[in-house]
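Please view the sequence and structure first; the notes by topic follow.

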Amino acid sequence: VKIEPEELERLTEENARLRATLEGLQGELGNIEELKQRHKRVLDEKERVENIIHHMAEGMVVVDSEGKILLINPAAEKLLNLSKEEALGKPLRENIKDEHLLTFTKDLKSDKEGAFSQEIELVSPDESTKRVLRTSSAVVENQDGKTVGMVTVLNDITRQKEIEKLKSDFVANVSHELRTPLVVIQQSLSILNGEINDKLNEDQKKFLGNAQNNLNRLRNLINGLLDMASIEAGKLKLKLGLFDINEVTKNIVEFLD
């Protein structure tokens, strides 16, 4: 086929242009495949995180800067008596009817790491169904440092609070019950010490003195248990004063001897 030089040059340029276009399309296709792989990895990671949140024993609630619920897991639904379908996209305050539950969205105290924690009580007409939750919240910020939301984790500590109360009551009751026999023993020792002190030899006097000292030590231990209960209740008031360290050391040495 006879082709004019001008036509041959035009066809050569067109062929080069088509080749360059093809190479560009092939590069774009490679980029698309890479994007697909990245997209799949992101979806897999998202699914993994969602599964972890879904199966968490603790409740989790995520709200945006306006207080609207973005995420709530099944544990939080159960604790707060909420439905995910009804709660998502709506302000938290509209979903929680009890004003006592609103305390975990305000008046929170921050710790050194910037997290917020507080204990809240779920009031119920039935005393047996009343629960106590410990909330731990953290503010979510974007790259510019602007607050965009908050994540709150809820733990049901009702059973723990019941055990703590039982322990405190037990310590207080046992301590008070132990005081009665201690008073009887102390009075008996005082009577013996007063009536037969002159008839005792040095070793017997020493044994009687040891009994009295250990009785006082036992009474101090019981008072310590009561003080511990007062400390946990925040009712203990310290009374500072001076004392003789030599006397304390002497008493300890005699007791250990």
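In which sense do β5 and β6 pair, and over how many bridges? The two strands pair in the antiparallel sense, over nine bridges, where pairing requires that DSSP find at least two bridges between two strands. The model is a predicted one: local features need pLDDT of at least 70, side-chain atom pairs count only at pLDDT 80 or more, and totals for chains, interfaces and linings use all residues. Residues are numbered from 1 along each chain as its sequence is written, and side-chain values use heavy atoms, with hydrogens and water left out.

**Overall make-up**
- The protein contains seven helices and six strands, taken as DSSP runs numbered from the N terminus (helices: H or I, at least four residues; strands: E, at least two).
- Along the sequence, the pattern reads α-β-β-α-α-α-β-β-β-β-α-α-α.
- Of the 257 residues, 19% count as buried (buried means under 20% relative accessible area, with a 1.4 Å probe and protein chains only).
- Among contacts with a separation of 6 or more, 37% join residues 24 or more positions apart (a contact means heavy atoms within 4.5 Å).

**The β5–β6 hairpin**
- Five residues lie between the strands of this hairpin, and glycine 145 takes a positive phi near 80° there.
- Threonine 135 stands opposite leucine 154 in β6.

**Nonpolar cores**
- The largest nonpolar core has 14 residues (such a core is a set of buried Ala, Val, Leu, Ile, Met, Phe, Trp, Tyr and Cys residues joined through side-chain atoms within 4.5 Å).
- The residues with the most contacts inside this core are Val61, Val63, Ile69, Ile72, Leu80 and Leu154.
- At least two residues of this core come from each of β1 (59–64), β2 (69–72), α2 (74–80) and β6, and α2 gives the most, with three residues.
- Apart from this core lies another, of six residues, including Leu182, Leu189, Leu208 and Ile222.
- Leaving aside residues up to four places away in sequence, the residues that valine 61 touches include Leu71, Ala76, Leu92 and Met150.

**Helix α5**
- Helix α5 spans residues 158–195, 38 residues in total, and reaches 56 Å from its first C-alpha to its last.
- That reach is close to the expected 56 Å, which is 1.5 Å times one less than the number of residues.
- The buried residues of α5 are Thr158, Val171, Ser175, Leu182 and Leu189.
- The cover over these buried residues includes β5 (131–141), β6 (147–156) and α6 (202–232).

How values were computed. Buried means under 20% relative accessible area, exposed over 50%, partly exposed in between (1.4 Å probe, protein chains only).
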